[in-house]
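Read them beside the model.

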Amino acid sequence: MIDSDVVIMHDPYKYFKHTPFKEITVLNQAESPVDPNGGLVYVQNAAPDGPAAFMFAEVVSRPFRWADDGWAHAANLTIHKQCLYMDQDSWADVLPDMASGYMLFSKAWFCLPEELREEEHWKKVHEAMAEHVQHDQLWRDEQLPVPDSWQVLANGSTTDLRVLRLRMPNCRGWPEELGGQWYPTERGNYSADLLQQLASDAPDLPIWLDHENSSNAAAADRVPTETFAFMPDWLGKGYWPRGRKGYWDPNLTGNIAQQVIAHTHVSPNADSGMAKRVVPMSLHRYNWDLQTHANGNEPHFACDGLPPNCSTLKLLAFTPSVEKLLGRSASWHEFAFLLQGLAALATALGRAVAWPSLPCNTSWVSRNRSVEQVPLALGDMWLPWSTPEGDLICTPWPYVNHGCLSKGRGLLPWEYNHMQGHLDADPDATIHAVHDSHIEQDAGGAWEEEDHFMLASHIVEIDTATEVATSQQLQDKPILLLDNLVHAVFPNDTQSDHDMFRQQCIVLNITAYAAVFDADGNNNSAKPMADLGLPHQPARIRRGSLHRHQAS
């Protein structure tokens, strides 16, 4: 069973059906050292009346049991109706039962009100549950050899495996020291119908013992155990602990991605729903045809909320040479200022932004950290990915939110590439931003770069009130290319749209962004960039104008 944000990078059966994994009944991606993840599960050779089959039924049944009496029993326990309603939460509650043989409810305990958990009785209940779980004794960490043909993928001759024996649990009389009876005395329609459905699906197969009948405790202890194991990282793991470190990129790992099953799962610095689509895009494993058909020919995030439809979407993008120039920027502050200029001009032109990226070897991005081998350590703000030519590119994760993309605001690099691939090339869809010559002469001597703004001499200040008209002749062009860096100035009565864009898209809100990240690109830092007191823009910016490029 896999979530929709899972990418299969190698044939998993080659590994599941081979030692050391073929003897394991349940293989699962770890959420934590002791908690399962509901988005990546493989089950094999499970007995129909054994612990694994029971475990998955109980995961579904647990919230049903509280619903059986209209939540009356749960209300007496002061358990709220949302307790364990997500599959992963319920499974995390059931797994300790499978390890200990007792019905423990160690996660459901946290559904009790905080003031109740602070009472001495419930504190002791929690301590008793922990004694039965005995994580350090019940979990077994092994290091096992792997075949020679796996060693590039597994990055070694052995692999780590975290194993748990699954027992058949029983209520064992609902001991008071474990909180007493957690379920209503009688089953109701919800859980009874579930059991009836499971039995009718396979009427010739036995079903597990009734775990709520304490007289079955001894028989439950005689049920053969089954094996549960967390997949080693290279077999099944999430993007944040593994993918962003480069293990999913064959350009960094000897032409073979060091991952069998890649699960996006969560990206803390992006919209979670969007990130689930973005990671496959960055791996060049995204199904654009499926996305196009599923969304009525509107495959891009910018199409969301764009009236009347995505056929009206037009872009402003840097030329490839200008985007390459961004790699010479001095700091995040300079890069963000240059993004503001591009976004401001796009707003004035009524266009979306093709968000630019940086080479990962940009000095202030890499900060002398390796960008040629795993593990990458580029900080929380960057999504590293390889171009078809093998160049490692870093895209800011905070682009990936509705404020920067939806309602016709912006396209990510992979969306831009996709859009380009479906349009005819147009050589004259380019505008020049040129410094006014008399202003340059009045500057007096050579231009001096500033410590935090190495590209200041390339920036052209554009008065949108007078200069935007130049590009109106090109308004029918789907993509308009800009061949220089700009700083757009708005008349006071026309800046509201850009101000809203800047506030809602965090990469344009330098103050907000600098308060989140440190200079190494990590969030939740003790020293955010805001504390560095860096200027938000260069001291000197030369004015200029826009000119239409004439095709030769």
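Q: Is Asp-35 buried or exposed?
A: This is a predicted model, in which local features need pLDDT of at least 70 and side-chain atom pairs count only at pLDDT 80 or more, while totals for chains, interfaces and linings use all residues. Residues are numbered from 1 along each chain as its sequence is written, and side-chain values use heavy atoms, with hydrogens and water left out. Buried means under 20% relative accessible area, exposed over 50% and partly exposed in between (1.4 Å probe, protein chains only). Asp-35 has 16% relative accessibility, so Asp-35 counts as buried.

Q: Which side chain meets Asp-35 in a salt bridge?
A: A salt bridge here is a side-chain nitrogen of Lys or Arg within 4 Å of a carboxyl oxygen of Asp or Glu. The N to O distance of this pair is 3.2 Å, and the partner of Asp-35 is Lys-107.

Q: How many residues apart in sequence are the parts that Lys-107 and Asp-35 tie together?
A: Helices (H or I, at least four residues) and strands (E, at least two) are DSSP runs, numbered from the N terminus. Lys-107 lies in the loop between H4 and helix H5 (114-117). Asp-35 lies in the loop between strand S2 (26-30) and strand S3 (36-43), so the parts joined are apart in sequence by 72 residues.

Q: What is the relative accessibility class of Lys-107?
A: Its value is 30%. Lys-107 therefore counts as partly exposed.

Q: Which residue forms a salt bridge with Asp-97?
A: The closest N and O atoms are 2.7 Å apart. The pair links helix H4 to helix H2, 35 residues apart. The partner of Asp-97 is Arg-62.

Q: Which residues are linked with Arg-62 and Asp-97 in a network of salt bridges?
A: Side chains of opposite charge can pair when their charged atoms come close. The network holds Arg-62 and Asp-97, together with Glu-58 and Asp-93.

Q: How many salt bridges does the count come to?
A: Another pair is Glu-118 with Lys-123, at 3.7 Å, N to O. Lys-123 counts as partly exposed because its relative accessibility is 34%. By this rule the count comes to 16.

Q: How far apart are the end C-alpha atoms of helix H4?
A: The expected span of a helix is 1.5 Å times one less than its number of residues. H4 (residues 87-100) has 14 residues, so it should span 20 Å. The model agrees, with the end C-alpha atoms apart by 21 Å.

Q: How many of the residues of H4 are buried?
A: H4 is mostly covered. Its buried residues include Trp-91, Val-94, Leu-95 and Met-98. Just after H4, Gly-101 takes a positive phi of about 85°. Of the 14 residues of H4, the buried ones number 11.

Q: Which residues make the nonpolar surface patch of about 270 Å²?
A: Patches are made of residues with over 30% relative accessible area and no salt bridge; like charges are joined within 9 Å, nonpolar side chains (Val, Leu, Ile, Met, Phe, Trp, Tyr) within 5 Å. Accessible areas come from the Shrake-Rupley method with a 1.4 Å probe, and for residues only the protein chains shown count as cover. Phe-64 lies in helix H2 (residues 51-67). The patch is made by Phe-64, Val-60 and Tyr-190.

Q: Which residues does Thr-292 touch, not counting those up to four places away in sequence?
A: Thr-292 lies in helix H12 (residues 288-294). It is buried, with a relative accessible area of 16%. Contact means heavy atoms within 4.5 Å. Thr-292 touches Asn-297, Glu-298, Pro-299 and His-418.

Q: Which strands stand at the edges of the open sheet of eight strands?
A: Two strands pair if DSSP finds at least two bridges between them. The order is S14-S10-S9-S17-S15-S19-S16-S18, with mixed pairing. Each edge strand has a single partner strand, so one side of each is left without a neighbour in the sheet. The edge strands are S14 (410-411) and S18.
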